[in-house]
Amino acid sequence: MSTRKDFYNLRIWRTESLRAFDNAMKNYQTTHPDVCHTYVKILRNAMWRTISTTVNITPNLENAIRKYIANIPKNVKCLAKLFAKYPNAVNNFLELDNIDIKKLGYAITPKSSNSRAVNKSCTRWMKNTPITPDEMNTIAAAGYKNPGAFPYSWIEKIPACARGTVTQKLHEILKRAAIKLYSASDANVPTNTLKSLGKNIEKLLGRPMKISILGRGAFAKTFIMQIPGDKKYVWKIYHCDNNAHIMHETAHDTEIQNSFLLGGKKYGKQTRIRSIATAGISTQRGEMYIIYPYVPDATGHTRAPQKRFADAHAFQFMDLNPGNVINNTVVDLGAIYIDPPRWHAPRFVSKIIRTVLYNSWNDIGYILNNYNSTQIGLALTFMDGKISHWDVDYDKIMEKIEFLKRRARIR
């Protein structure tokens, strides 16, 4: 238990750490008076974010702070290179706001081009394992450039022996275009840029490609890509309109992983989660994109169900914006939260949960006869606090849960 002395020491440590950073930055600015104020602000915010959220002062943390202060010149150079890479972002690199020094260091440190390529089984692993945005970036840094596959209709006329090379080149073209278009959502999208992108893809595929803007929002821009006579696809790229803290809170930094995990699955009886054609993964958000089949708008949107299904499964919606659901298809997977512990739960957990939620009282005996108290307790723990009070069957479900707790002697 923390004492008043602990809080006092923590406050002193924070003050001294921030003063040490400010002194080091002042010395650096003395010899480099032209350093961009935005760089100073980003580095100081990361420092403050780290020390203000610290509860326990450890030797490793103190070493990390000292190293961070000593690396101010190096970090300024890294920020300068990053800003030069995305000229359309101007000084609004908000995704670098409100993050700690560890995340900032990962975001701005150049990645080695000699990294070992990830095994091809990476795609299969991603489809079954929730991973964090940092892990997604690690995959990119390791050289796995394009998990997934581009629409077959795009490459069907390419000889089989050349499809691997063409796919890699196509990813590089789209990544460069995503960098060029990386800017605020209210910025104009140059028509010449889209025409140039279409011509580059046409040279690669040997077929014309038409590209037009579909929309722009708080986290991304979306474009329509279509080979004449073929199905339309949405190309979605990510920009820097909101800071990393907001992205994390609203789960909008996980859309690529959600696309692999949930793409094409049903949500409830009618609503489907849109399938994914491909996901380009790189080391910065400005280079990340996804491609998925276009879903035309309808006269009315269908709100996604938010009752038992969302509460009982290993994923649930963070928001219920009607615009994210078109023609009973969920098109915005950034608004879905994956619960890793429940996702990794043994198969019996989902069986018990479904039986309690959807089956009759007669099947409760099946649970007691086929599962032990530990298994039943684990399943009920996953359900604890997740059942909606507004559900019409809420009372019946709670009666089943209480009955199982008594018979299985679960406290």
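The model is predicted: local features need pLDDT of at least 70, side-chain atom pairs count only at pLDDT 80 or more, and totals for chains, interfaces and linings use all residues. Residues are numbered from 1 along each chain as its sequence is written, and side-chain values use heavy atoms, without hydrogens and water. Helices (H or I, at least four residues) and strands (E, at least two) are DSSP runs, numbered from the N terminus.

**Strand pairing** (at least two DSSP bridges between two strands)
- β2 and β3 run antiparallel, joined by six bridges.
- Val-234 in β3 stands opposite Ile-224.
- The hairpin of β2 and β3 has six residues between the strands, and Gly-229 takes a positive phi near 90° there.
- β3 also runs antiparallel to β7 (residues 289-293), with five bridges.
- Lys-236 has Ile-290 of β7 as its bridge partner.

**Helix α10**
- Helix α10 covers residues 191-205.
- Its buried residues include Leu-194, Leu-197, Ile-201 and Leu-204.
- Seen down the axis, the buried residues of α10 fall within an arc of 135° (from the directions of the C-beta atoms from the helix axis), so they line one face.
- The face turned away carries exposed residues, among them Lys-195, Lys-199 and Lys-203.
- The buried residues of α10 pack against α8, α9, β1, β2 and β3 (contact: heavy atoms within 4.5 Å).
- Just after α10, Gly-206 takes a positive phi of about 75°.

Terms used. Expected span 1.5 Å × (residues − 1). Buried < 20%, exposed > 50% of the residue type's maximum accessible area, 1.4 Å probe, protein only.
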